[in-house]
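Please provide a briefing on the aromatic contacts and strand pairing in the structure shown here.

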Amino acid sequence: MTRRTPTAAWSGANTRRMERQGLAVPLAAAPAGIVESMPAAHAQVLSAAELSVGLRSRELTRADVRKALWTDRTLVKTFGPRGTVHLVSAAELDLWTGALSALPVGRSAHPEGVRMTPEQTEEVLAAIGEALTGAELTVDELTDAVVARAGAWAGEPVVPAFQTLWPRWRQVTHLASHRGLLCFGQDRGRKVTYTRPDVTPLDGPAALTALVRRYLYAYGPATAQHFARWLAVSPRWAAGLFAHLAADGTIEEVTDEDGGTAWVTAGDTAFPARPVHGVRLLPYFDAFVIASQPREKLFPGAAYTRALAGGQAGNFPVLLIDGTVAGVWHQRRSGRRIAVTVEPLAPMTAGQLQELEQQVARVGEVLEGKPELTVGKVTVGGHA
């Protein structure tokens, strides 16, 4: 008997993603549990990560996220998917480091004379791990420590970055993080610090399997190409990984209403029958906006042009109405006052405006300020 391939409509898939991440009904979870639902929160701008977490709960504030990071240590700030700064759950750091350190490493984009040899890379990684064990060091302090262990060549200012030159060793910062040798410590004034987390990375194949399962639970159905984009790895490599996991029964295919196919974790084929309703605000580079696919369905019509900067999701905080992007927004803080401007792409109903006011009030609670809402044109680029 031929096994029937399950079908997943996009609206059902989108609703399921929102439900699992606390975007349909807020989650009753600690910060680490909410981060696990994403399963990592983009944190290049920490206030955006604080909003990502807080807006998925009814009560959490930025103070709760900071306590989880720097006091309870249930969250870790580190280099995650795509080599960008993320918050991850400390309980899952062994999974993340095991999986990320098992990803294929492409050829360095740096020219000869700047890039390091494999032997130099390993020497610098060992130096970083030794220097950060039991210590929190600024970039300058870590540079001195790496140079003392590896040699003056590691500190030569040769890496172009932000109209300046970084020391040579910094080109492997994210790789050190993926190996479990480095994560962020608490800022020292305006200076970033790094430390070494207490972690033993999981075995690579097992960690990659676990990461695919976590990704598909949060964002499935998804293709191998979607997964490759999420991690910034080769689509061919991702396709091979998915083929292997399909062969051993870890994942299975579903079809969409257009006849396309994508993957879910084996057996995870139930989807909500009713689409999600309601108004939500999501901050700059929210994980849901970055990872949800296909983009043209999440950003329908005018939203694709207005809310995607050059096709890059996350550059604008977004307004969601009934599960799709329906506008952009911006917030500017002055003391405790938070001026929030929301630009809908179509007129909102009275009920939707009331929900928007509630969302803006929640933004104020998370950021511990007093919000003031203006509905109108957003005329600035948006960090939220």
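**Charges over rings**

K77 is placed over the face of F184, 4.8 Å from the ring centre. A charge counts as sitting over a ring if NZ of Lys or CZ of Arg is within 6 Å of the ring centre and within 35 degrees of the ring normal. The model is predicted: local features need pLDDT of at least 70, side-chain atom pairs count only at pLDDT 80 or more, and totals for chains, interfaces and linings use all residues. Residues are numbered from 1 along each chain as its sequence is written, and side-chain values use heavy atoms, with hydrogens and water left out.

- R306 has its charged end over the ring of F316, at 5.5 Å from the centre of that ring.

**Aromatic pairs**

- Rings of Phe, Tyr and Trp (its six-membered ring) pair if their centres lie within 6.5 Å; planes under 30 degrees apart count as stacked, over 60 as edge-to-face and the rest as tilted.
- The count under this rule is 10 aromatic pairs.
- F79 and F184 form a tilted pair, because their ring centres are 5.2 Å apart and their planes stand at 35 degrees.
- This pair links distant parts of the chain, with F79 in strand β2 (residues 75–79) and F184 in strand β7 (residues 183–188), 105 residues apart. Helices (H or I, at least four residues) and strands (E, at least two) are DSSP runs, numbered from the N terminus.
- F79 and F184 are both buried; buried means under 20% relative accessible area, exposed over 50% and partly exposed in between (1.4 Å probe, protein chains only).
- Y215 and F227 make an edge-to-face aromatic pair, with 5.2 Å from centre to centre and 65 degrees between the planes.
- Because Y215 belongs to helix α9 (residues 204–219) and F227 to helix α10 (residues 224–231), their pair ties together parts that are 12 residues apart in sequence.
- Y215 is buried, at 0% relative accessibility, and F227 is buried with a relative accessible area of 0%.
- One aromatic cluster is formed by W96, Y215, Y219, F227, W230 and F242.

**Strand pairing**

- Strand β4 (residues 137–138) and strand β8 (residues 191–195) run antiparallel and are joined by two bridges; two strands pair if DSSP finds at least two bridges between them.
- T138 has T193 in β8 as its bridge partner.
- Four bridges pair β7 with β8 in the antiparallel sense, and R188 stands opposite K191 in β8.
- A hairpin is formed by β7 and β8 with two residues between them, and G189 in the turn has a positive phi of about 65 degrees.
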